[in-house]
Amino acid sequence: MSQADFQTLHLRGLCKRFGERTVLDNAGFELNSGEVHALLGENGAGKSTLMNLLTGVYVPDQGEIVLDGQPCSIRKPADATAHGIGMVHQHYRLVERFSVAENLILAADRVPELQRLSVAAKTLQTTAEQLGLTLDPYARVADLSVAERQRAEICKVLALGARILILDEPTAVLTDAESASLLAAIQRMANTGKGVILITHKLREVVGHSDRVTILRQGKTVASNLSTGSLTQAQIAHLMMGDVAAPQRQPSNLQPHGADLLVAVGLNASRNDGSTAVSDVAIRLRRGEIVGVAGVGGHGQAQLCEALMGLLPVDSGSLQLDGFSISNSSVSQRRGYGLRYIPADRAANALALELPVSDNLALTQVASGRKGRLWISPKGLSQDAQKAITEHRITGASPQGVTRLLSGGNAQKLVLARELDQDCVVAIAHSPTRGLDVKSCGTVHAALRELTSRGGAVLLISEDLEEIMTLSDRILVMNAGRITGELPGTASANEIGALMIGGH
Amino acid sequence: MAVQFALQRRLDISFLRSSLTFAAGLLLGGVLCVALLVQAGVPADMLFEDLVWQVFFQTDGLAQTLTLSIPLILAGLSAALALRVKFWNIGIEGQLWLGAIAAMAVSINGIGGESYRWVLMLLAAMAGGAVWIAIPLWLKERFHASELVVTLLLTNVAYQLLQHLLFGVWRDPTQSFPISPAITASERLTKLGFGNLHTGLFVSIGMVLLVMWIMERSRFGFQSRVLGANRRVAEASGIAVGTTLVVMVLLSGAMAGLAGGLLVAGTEYRLTQHLGWNMTFSGIVIAFIARFRPFWVLPVAVVLAGVYNAGASLKVFYGLTEATVLLMQGIVLLSLLWCQFMAAFRIDRRKEVTV
Amino acid sequence: MSFVAFWLASIPVSALPLLLACLGLILSERTGVVNLGAEGYMAVGAMTGAVVTLLSGSPWLGAGAGLLAGGGLGLLFALSVAVLKADQILSGLAVMAIGLGLSGFIGRHWVHQPFEGMNAPDLPGLQQLPLLGGLLFKQPLLAWVSILLVILIAWVLHKTRFGLRFTAVGEDPAAADNAGVSVPGMQVLAGILCGALCGLGGAYLSVASAHVWVDNMVAGRGWIALALVVFARWRPGRALIGALLFGAVDMLLPRLQAQGLPVPVYLMGMLPYLLTILVLVLAARSRYRDEPAALGVTYLRQDRH
């Protein structure tokens with residue numbers, strides 16, 4: 001593999017479909033040697049997929065990748081490495097039990113010189129020095145902090161001969177000081193002739209630390225190769241959000257809003273691996289209102305839902321529902337008080353796909369004992385299921401039919417029919433319309449509104465800004481596990497966007 | 001333009017496809033077994049006679065098949081209950097022995113009145129099995145020790161206990177083999193007048209019906225269904241996952257123990273070393289073929305009992321050993337697993353991007 | 001004194017088959033695959049070893065045949081699990097049954113036929129050394145081969161690049177895949193080696209120790225080896241220690257019996273298994289530190305995104 005610096009990289013007209021879904025549609029951009037090129041876009045815009053094409057995880061359905069004037073075929077990760085393309089993922093691919101140097105040896109298939117421990121360690125150290133970073137190549141990855149691991153991964157990728165480096169949201173999990181150090185190192189990288197693709201949400205980074213920017217929205221390139229020197233953050237934000245026409249708002253029917261229903265104060269919760277997911281979160285939900293929580297996915301939203309539901313233990317904080325303290329209550333107790341949950345990944349968290357529709361519909365009521373303390377009547381369940389199917393117009397469903405065969409929209413209708421029952425007081429809805437068609441979205445929104453009109457409340461957590469703006473009476477913005485701000489429901493997309501991606 | 005193959009997991013497996021591949025698996029396994037037997041010297045024309053006709057359609061053969069099925073049904077039930085909640089009970093044999101020991105203990109110590117002692121024996125058998133599985137369950141909950149290996153090792157421990165009793169305090173001095181004294185006439189399960197078949201058959205079938213009833217019609221059964229299907233959904237719905245798991249596992253042990261009790265009270269009338277040949281693996285195979293549903297355990301267990309019965313005569317006539325039946329079971333299980341691949345995955349042909 | 005000497009000398013009889021099986025299982029689990037077929041591999045290894053030795057007169061040929069037989073069965077398992085992505089536990093049980101069944105089925109013609117197997121080489125003087133003489137120098141050569149294997153496997157796993165790539169598969173298959181390691185390839189290799197080593201362990205039983213093939217020769221050693229892997233913390237060196245310790249306890253009983261001591265035979269017979277459970281429980285608590293992180297995981301690149 002030639003170690004000479006590359007000149008240009010062109011991605012042109014790249015398309016990728018997964019089954020029915022088109023994830024990338026004619027996307028592309030350019031990268032020159034010595035450039036830091038930012039790649040911007042909301043979650044689901046296609047940034048990850050585009051990079052997966054470049055690194056050989058997927059193969060494009062159409063389009064081409066041209067390196068230094070020569071089209072190249074990248075069909076597996078090894079091909080990408082051979083062309084000098086290296087990626088530092090958000091979720092690191094370092095074997096924890098090994099040392100940094102051993103991880104380098106592991107990946108050094110085509111570089112025999114690096115296959116000896118001492119040489120590998122030395123190379124890592126030299127690379128780190130060039131970037132102005134400190135790194136102990138003999139340290140075990142498991143013992144390193146998040147920032148140190150990232151440095152290790154970057155140095156490893158460079159040591160393997162990467163000329164084009166892709167960094168996926170590198171500063172998302174770093175402190176301000178660590179971010180500054182990293183961004184400086186990135187600049188030094190570019191100065192040595194490498195090309196850097198920086199995937200980021202942070203406008204400050206785009207404006208301050210990149211040369212050009214490309215913006216993706218819904219798989220398409222809405223703006224490409226724009227020189228960032230002449231752009232402001234506001235302009236970029238506008239390009240990213242698009243022209244979000246002020247959506248038709250449906251204000252709450254119950255005016256004025258009533259008593260506090262759900263009150264969370266100082267909630268702290270951690271993920272399984274110990275990292276903090278929810279940090280000092282306070283939420284207040286009142287009767288008849290929908291509070292929307294906007295924010296980029298992966299910032300603790302799922303953990304917040306689980307903590308509220310009782311599925312994830314909280315480290316500290318208090319929780320009250322309708323006046324009752326539920327901080328230490330079990331899931332069934334919280335449900336007894338009227339708390340309901342519409343989780344994000346229905347297939348994994350809300351539905352037992354292999355069981356019949358009637359079972360999934362009756363699930364929570366059987367669990368609470370409402371369908372019978374000891375014995376239940378399958379016939380009764382079946383009849384109730386048929387009623388629910390008709391009432392909620394769940395097409396393609398029969399009480400004995402397997403749930404897996406329902407379409408996305410109808411499966412979600414099932415979940416709603418079950419969760420938003422007459423005893424529902426507060427519903428936590430996490431990305432309730434993800435993957436649904438327009439008509440189904442409307443049904444979901446109507447159901448949530450209906451709950452509030454009979455005195456309930458909804459905590460709506462969604463990455464779909466339009467949805468948040470349509471439904472919410474108040475909008476909270478969540479970033480890195482914290483609530484960074486509160487806005488009225490009438491706030492504009494740019495105002496929300498600024499809180500979301502301005503960040504720290 | 002080169003073609004490349006890539007493995008893709010199917011998201012949506014139709015009932016037709018899974019049924020067909022299942023049938024294909026059974027067929028493949030069956031064909032291999034037949035080939036095996038023919039190779040071993042069983043004349044091909046005798047195969048149907050020996051494997052099907054004699055054991056299912058002749059009076060004596062059928063009686064023996066049904067008798068053999070009594071513990072097998074319970075073993076299959078035991079495996080199905082445990083595997084449904086993802087508890088790897090590889091110690092069915094051990095629980096069976098503890099059940100037999102417990103039943104024998106009631107008999108030898110004359111607990112309870114003569115007329116109903118057999119009931120106590122069977123209850124004790126269930127308790128014995130439940131206790132024996134409670135140990136690995138506790139070790140798993142408390143210490144995160146894998147139940148896979150512990151249930152197995154406890155089987156060995158149970159066998160040692162059995163030996164200890166048979167060569168020791170429970171040894172019948174009038175016999176040259178290490179077996180216990182026979183149980184009294186009133187403790188024996190009544191024969192049905194059809195070969196060796198006894199009322200234990202009703203107990204086994206009764207258990208299947210009971211479990212079916214509980215699974216279909218009780219709140220507990222519903223919850224365990226959900227737990228087995230998707231644990232996260234069960235938790236989010238407010239189901240007491242921990243309790244459900246414990247009850248299912250204990251029930252599994254109890255079924256295995258009961259099998260031991262029935263063998264003592266209905267077939268052997270004593271405690272011997274040879275109870276429960278390969279019950280664990282048979283139980284798992286039955287449960288797997290029955291797709292872990294109690295209802296299907298019944299016919300599958302009877303079919304497998306027929307195979308065991310045929311195996312006995314194959315042993316006499318053609319010199320094959322019990323190992324043959326174990327081998328056949330292994331072949332069928334592996335064939336089913338291989339054919340499942342076709343249901344679960346799809347091979348995509350991907351054309352290379354034009355360069 | 002001679003009691004201790006006899007006892008020590010008999011330890012390898014029990015320990016070495018376990019050691020070999022344990023080594024094989026370590027290799028398999030290091031690539032993330034739980035291999036329940038151990039009992040089956042040992043059985044075919046024992047049977048094949050005995051039969052080939054009987055027919056050919058050469059115990060080394062027998063041992064080699066046992067190794068190959070185990071490896072073949074291991075290949076069957078590995079294909080099921082690594083290529084066809086079948087459930088690891090069920091596949092392992094199926095292969096175990098096939099192994100046990102095949103060994104009984106094919107071996108039925110040769111049961112209870114003793115042969116001149118592998119004996120300890122003649123080393124006068126050394127063998128008469130007090131205490132350790134018997135232990136160290138009165139063992140068949142296969143015992144020393146086994147020790148060499150421990151050293152070899154430990155060296156490859158911990159000191160070579162190949163070993164790094166091999167163990168990466170069981171730690172983080174996605175990382176290994178990214179680094180260009182063929183995950184199914186390594187798992188198949190591990191499966192074959194596991195079968196082969198277990199098969200060799202079985203052959204040790206028949207060819208080197210008992211010099212005969214009988215039904216049910218393996219008697220649960222495959223499962224004990226599985227538990228020993230946890231005790232060994234997936235390292236070959238500790239596997240040797242574990243196997244020796246287990247062998248010591250296991251052989252204590254017959255020795256005490258031979259002395260004519262009134263020991264409750266069967267209660268003592270429980271000891272090795274109870275000990276293994278105890279070890280398993282103790283090791284389980286720190287298991288998470290040593291266990292290959294991706295043990296039991298079925299990896300498919302397409303599942304990742």
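This report looks at a predicted model and at how its chains touch each other.

## About the model

In this predicted model, local features need a pLDDT of at least 70 and side-chain atom pairs count only at pLDDT 80 or more, while totals for chains, interfaces and linings use all residues. Residues are numbered from 1 along each chain as its sequence is written, and chains are lettered from A and ligands numbered from 1 in the order in which they are written.

The predictor gives the complex an ipTM of 0.90 and a pTM of 0.83.

## Where chain A meets chain B

Two residues are in contact if their C-beta atoms, placed from the backbone, lie within 7 Å. Here, 33 residues of chain A and 22 residues of chain B take part. Helices H10 (331-336), H11 (346-349) and H12 (357-368) of chain A each give two or more residues to this side; helices are DSSP runs of H or I, at least four residues, numbered from the N terminus. H12(A) has the largest share, with six residues.

On the chain A side there are 20 nonpolar, seven polar and six charged residues. Ala, Val, Leu, Ile, Met, Phe, Trp, Tyr, Cys and Pro count as nonpolar, Asp, Glu, Lys and Arg as charged, and the others, Gly among them, as polar.

## Where chain C meets chain B

Chain C brings 40 residues into contact with 37 residues of chain B. Helices H4 (88-107), H10 (221-231) and H12 (265-290) of chain C each supply at least two residues of the side that touches chain B. H4(C) provides the largest share, 13 residues. By class, the chain C side has 26 nonpolar, eight polar and six charged residues.
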